[in-house]
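This report walks through one protein chain, from single residues to the chain as a whole. Keep the 3D view open and find each residue as it is named.

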Amino acid sequence: MKIRCLIVDDEPLAHQVILKYVEDIPFLEVVGQCHLATEALSFLSTQPVDLIFLDIRMPKLSGLDFLRTLQQRPLVIITSAYEEHALESFDLEVCDYLLKPFRFDRFLKAANRALAMYTLRKQAAESTAAVVQPVMPAEPLRIYIKSDKKQVQLAVDEVYYLESMGNYVKVWGEQKYLLTPRTLSSFEEQLPPETFVRIHKSYILNKKFVHYIEGNTIRLKNGKELPLGKNYKHVVKLF
């Protein structure tokens with residue numbers, strides 16, 4: 001893992017010092033150098049970085065004003081010859097403030113602090129991504145029924161109702177049906193009870209297609225009407 005760094009400083013000597021120090025810190029990599037904050041704005045628009053070594057007093061745009069323009073700020077280590085900007089800098093949540101000239105041990109301490117903050121940010125981002133993983137909708141339940149010498153696949157949630165015809169059952173869709181050599185009881189055991197309910201000795205109904213119930217009649221959304229059996233009136237409470 002490398003922390004991608006950008007140096008923003010109008011002093012060439014400052015660049016040389018930071019480049020030399022970074023060579024001895026394996027988790028840092030300088031990917032860009034700018035001598036004005038305005039150059040840095042252009043650089044960041046095309047190449048995001050993880051960490052900026054940022055001077056404060058620069059022509060055209062100061063380091064702190066530059067920082068305020070960033071909507072998504074990378075980590076920032078201030079490198080300045082002036083200590084009076086320290087409080088204002090920490091108010092902008094920089095991770096360290098190096099007062100020029102600084103030695104390698106102080107630079108290393110700041111780099112380690114940046115690494116710790118970078119690791120925390122990365123872990124937080126990964127946790128958030130895990131939480132917001134979309135839940136994929138479950139595949140609809142499908143069954144095969146024998147009809148006219150074929151095994152026909154049906155999506156269960158598209159079945160409106162089933163009608164017993166002795167040792168055969170009509171499996172109804174919105175307007176058409178398939179006739180299959182099975183008993184209604186065998187379907188009752190197979191179909192999900194949270195969706196299908198028996199409403200008559202000859203009918204099993206998909207609850208989601210009920211339009212309304214009136215007396216002993218259940219009207220479906222496709223206009224069909226089914227009888228509600230005397231011994232099955234209690235199931236209305238399940239709708």
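## Lys150 and its strand

Lys150 is exposed, because its relative accessible area is 52%. The cut-offs are these: buried means under 20% relative accessible area, exposed over 50%, and partly exposed in between, with a 1.4 Å probe and protein chains only. Lys150 belongs to strand S7, residues 150-155. Helices (H or I, at least four residues) and strands (E, at least two) are DSSP runs, numbered from the N terminus. Thr180 is 30 residues from Lys150 along the chain, and their C-alpha atoms are 9.8 Å apart.

## Where the model comes from

The model is predicted: local features need pLDDT of at least 70, side-chain atom pairs count only at pLDDT 80 or more, and totals for chains, interfaces and linings use all residues. Residues are numbered from 1 along each chain as its sequence is written, and side-chain values use heavy atoms, with hydrogens and water left out.

## The whole chain

The chain has six helices and 15 strands. Its C-alpha atoms fill a box of roughly 95 × 40 × 30 Å along the principal axes. The radius of gyration is 36 Å, whereas a compact globule of 239 residues would have one near 18 Å. That radius is taken over C-alpha atoms, and the globule rule is 2.2 Å times the number of residues to the power 0.38.

Of the 239 residues, 42% are buried. The chain exposes about 14300 Å², and carbon and sulfur atoms supply 53% of that area. Accessible areas come from the Shrake-Rupley method with a 1.4 Å probe; for residues, only the protein chains shown count as cover. Now take the contacts with a separation of 6 or more: residues 24 or more positions apart account for 50% of them. Contact means heavy atoms within 4.5 Å.

Charges come next. The chain carries 31 positive and 29 negative side chains, and the centres of the two sets lie 15 Å apart. Lys and Arg count as positive, Asp and Glu as negative; His and the chain ends are not counted. Each charge is placed at NZ of Lys, CZ of Arg, CG of Asp or CD of Glu.

Is Arg198 buried or exposed? Arg198 is buried, because its relative accessible area is 15%. Look for it in strand S11, residues 196-200. Its side chain makes a polar contact with the side chain of Glu188 at 2.8 Å. The Arg198 side chain also reaches the backbone oxygen of Lys201, at 2.6 Å. A polar contact is a pair of N or O atoms within 3.5 Å; within protein, one must be able to donate a hydrogen and the other to accept it, and residues adjacent in sequence count only if both atoms are side-chain atoms. Beyond its neighbours within four places in sequence, Arg198 touches several residues, among them Leu184, Tyr203, Ile204 and Tyr232.

Ser89 sits in helix H4, residues 86-91. Ser89 counts as buried because its relative accessible area is 0%. Setting aside neighbours within four places in sequence, Ser89 is in contact with Ile56, Leu64, Ile78, Val94 and Tyr97.

Most residues other than glycine have a negative phi, and most peptide bonds are trans. Lys60 is not a glycine, yet it has a positive phi of about 70 degrees. Lys60 lies in the loop between strand S3 (51-54) and helix H3 (63-69). With a relative accessible area of 73%, Lys60 is exposed.

Glu93 also has a positive phi, about 65 degrees, without being a glycine. Its loop runs between H4 and S5. Glu93 is exposed, at 66% relative accessibility. The peptide bond from Lys100 to Pro101 is cis, with omega near -10 degrees. Pro101 lies in the loop between strand S5 (96-99) and helix H5 (104-131).

## Two loops

Which residue lies 9.4 Å from Glu174 in space, C-alpha to C-alpha? It is Gly223, 49 residues away in sequence. Glu174 is in the loop between strand S9 (168-172) and strand S10 (177-180). Glu174 is partly exposed, with a relative accessible area of 47%. Apart from neighbours within four places in sequence, Glu174 is in contact with Tyr160 and Asn222.

Gly223 is in the loop between strand S14 (217-220) and strand S15 (225-227). Gly223 is partly exposed, at 32% relative accessible area. Arg142 lies 81 residues from Gly223 in sequence, and their C-alpha atoms are 25 Å apart.
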